[in-house]
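Hi there,

Here is the structure I promised to pass on. Have a look at it first, and then read on for what turned up.

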Amino acid sequence: YLVGELDSLDGAPLGALLQVVDEERDQARRDLVVALDSPRFAELRASLGHPPRLREGETLGGAAKREYERMRKAVDALDEDAVDEDLHKARIRVKRARYAAEAAGVGGSFVDRAKKLQETLGEHQDAVVADAAVRDLLGRVRGTGRTAFAAGRLVERQQARKEHARRAWPAAWKRLRKAGDKAFS
């Protein structure tokens, strides 16, 4: 993401930031290889062969409706001033409801509208994470004032992305709730 943003800033001096990102990515790859070779991962992989069981007497449709109701309760409790973490939790609820609906074969526009809200809330979360990452990176590198200025431009863009998503999610939620109420009534 940062490389794409660097291109859009006409070669702004972000080399020091990108060097730290490259080093962290290389370390993350090494850590991933170790994790994938671990007994814990082997156990996880084996457990994925056994899907979770439904409650006694529950159908896939009933489980999907339950996930929808949990999502609806959680998202209805949010307002325009919801904190970033609550919007992230809402996205997870939307994902769970969507996947349950897909597994149950729920048709109509519910799944499409859930995807749209997921994308909107995902864009918000990506902006939150990118903003924090740029700020953190800037605090760890010794750059010039030009580096700080360019990083500030990146932060400003993330704040704009976040605000755009904040303005968009309530309308996407209304459309999803309408489709969900229809699908699960």
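Before the findings, one term: a nonpolar core here is a set of buried Ala, Val, Leu, Ile, Met, Phe, Trp, Tyr and Cys residues joined through side-chain atoms within 4.5 Å. Please also keep in mind that this is a predicted model.

**The cores**

With that term in hand, the largest nonpolar core comes to 23 residues. Inside it, the residues with the most contacts are M71, F110, L117, W169, W173 and L176. Two or more residues each come from helix 4, helix 5 (84–104), helix 6 and helix 7. Of these, helix 5 is the top contributor, giving six residues.

Setting aside residues up to four places away in sequence, W169 touches V75, L78, D79, L87, L117, T120 and L121. There is also a second, separate core, made up of 13 residues, and among them are L6, L9, L17 and L154.

L6 belongs to helix 1 (residues 2–8). Its relative accessible area is 16%, so L6 is buried, given that anything under 20% falls in that class. From L6 to H124 there are 118 residues along the chain, and their C-alpha atoms are separated by 20 Å.

**The aromatic rings**

How many aromatic pairs does the structure hold? There are three, and two of them can be described here through Y68.

In the pair of Y68 and F110, the ring centres are 5.7 Å apart and the planes stand at 80°, so this one is edge-to-face. Y68 sits in helix 4 (residues 60–76) and F110 in helix 6, which puts the partners 42 residues apart, so to speak linking distant parts of the chain. Both residues are buried.

Y68 also pairs with F184, and this time the rings are stacked, at 5.1 Å centre to centre with 20° between the planes. That pair links distant parts of the chain as well: F184 is in the segment after helix 7 (145–183), 116 residues apart from Y68 in helix 4. Y68 has 2% relative accessibility and therefore counts as buried. F184 counts as buried too, because its relative accessibility is 9%. Put together, Y68, F110 and F184 form one aromatic cluster.

**Where helix 2 meets helix 6**

Two packed helices are described by the angle between their axes and the distance between the axes. For helix 2 (residues 15–36) and helix 6 (residues 110–140), the axes come within 9 Å and cross at roughly 105°. That makes helix 2 roughly perpendicular to helix 6, since angles from 65 to 115 degrees are put in that class.

Which residues make the contact? On helix 2 they are L17, V20, V21 and E24, and on helix 6 they are L137, L138 and R140. By type, five are nonpolar, none is polar and two are charged. You have already met L17, which is included in the second core.

**Further along helix 6**

T120 lies in helix 6 and, at 9% relative accessibility, counts as buried. Not counting residues up to four places away in sequence, T120 touches A165, A168 and W169.

A127 is in helix 6 as well. With a relative accessible area of 0%, A127 is buried. Leaving out its neighbours within four places in sequence, A127 is in contact with Q158, R161 and K162. A127 and A165 are 38 residues apart along the chain, with 9.2 Å between their C-alpha atoms.

**Two loop residues**

Finally, a pair of residues from loops. E58 is in the loop between helix 3 (39–47) and helix 4. Is E58 buried or exposed? Its relative accessible area is 19%, so E58 is buried, with the cut-off being under 20%. Apart from neighbours within four places in sequence, E58 is in contact with A63 and R66.

R142 is found in the loop between helix 6 and helix 7. Here the relative accessible area is 85%, so R142 is exposed. R142 and E58 are 84 residues apart in sequence, and C-alpha to C-alpha they are 59 Å apart in space.

Cheers

Key. Residues numbered from 1 in each chain as written. Predicted model: local features only at pLDDT ≥ 70, side-chain atom pairs only at ≥ 80, totals over all residues. Heavy atoms only, no water. Axes fitted to C-alpha atoms, helices over the stretch in contact; angles between N-to-C directions. Helix = DSSP H or I, 4+ residues; strand = E, 2+ residues; numbered from the N terminus. Parallel < 35°, antiparallel > 145°, perpendicular 65-115°, else oblique. Contact = heavy atoms within 4.5 Å. Nonpolar A, V, L, I, M, F, W, Y, C, P; charged D, E, K, R; others polar. Phe/Tyr/Trp six-rings, centres within 6.5 Å; stacked < 30°, edge-to-face > 60°. Buried < 20%, exposed > 50% of the residue type's maximum accessible area, 1.4 Å probe, protein only.
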